[in-house]
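Good morning, colleagues. Please look at the sequence and the structure on the screen, and I shall then speak about selected features.

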Amino acid sequence: MREHYYQAHVFVCQNERPAGHERGCCNSKGATKLRNYMKVRAKELGLPQTRINTAGCLDRCELGPVMVVYPEGTWYRYETMEDIEAILNDHLIGGQVVERLRLTPDQ
C-alpha cells in the first residue's frame, strides 16, 4: 500500500497580471506553455504518481516563471523546455535537486 496518493506534487504558477505591472507575472513569461509541456512529458515518461498542477500566484513574481515541488518544497525558476526536462529527469525521476534552477529562500 502506498503511503501517499502522489509521490510528487508540482505547483506551477500561472498567475497573470495586467501588462506593465511592476512585479510582472509568470504567465507572461511562458509559464502556461511550459506547464503544458511538463504535463505531457510527465505522462510520456510514465510518472503516474506525479501530479503537475496549475497554481495561482506563488508570490515570487519577479523571479518567474516559478514552480514548487512537494513533498520536498523545492522551488525552481525555469525558462525553457530543457529546464523542464532537467526537473523531470533529475529531480522527479532521479531524486536530485537541479541546483542551477533552484531558488533559495532568500531570493
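Predicted model: local features only at pLDDT ≥ 70, side-chain atom pairs only at ≥ 80, totals over all residues.

Arginine 100 is exposed, its relative accessible area being 58%; exposed means over 50% relative accessible area, buried under 20% and partly exposed in between, with a 1.4 Å probe and protein chains only. Residues are numbered from 1 along each chain as its sequence is written, and side-chain values use heavy atoms, with hydrogens and water left out.

Arginine 100 forms a salt bridge with aspartate 83, with 2.9 Å between the closest N and O atoms. This pair links distant parts of the chain, 17 residues apart: arginine 100 lies in the segment after α2, aspartate 83 in helix α2. A salt bridge here is a side-chain nitrogen of Lys or Arg within 4 Å of a carboxyl oxygen of Asp or Glu. Helices are DSSP runs (H or I, at least four residues), as are strands (E, at least two), numbered from the N terminus. Aspartate 83 has 8% relative accessibility and counts as buried.

How many salt bridges does the structure hold? There are five. One of them joins glutamate 44 to arginine 41, at 2.7 Å between the closest N and O atoms. Both residues, glutamate 44 and arginine 41, lie in helix α1, three residues apart, about one turn of the helix. Arg41, Glu44 and Glu85 are linked in a network of salt bridges.
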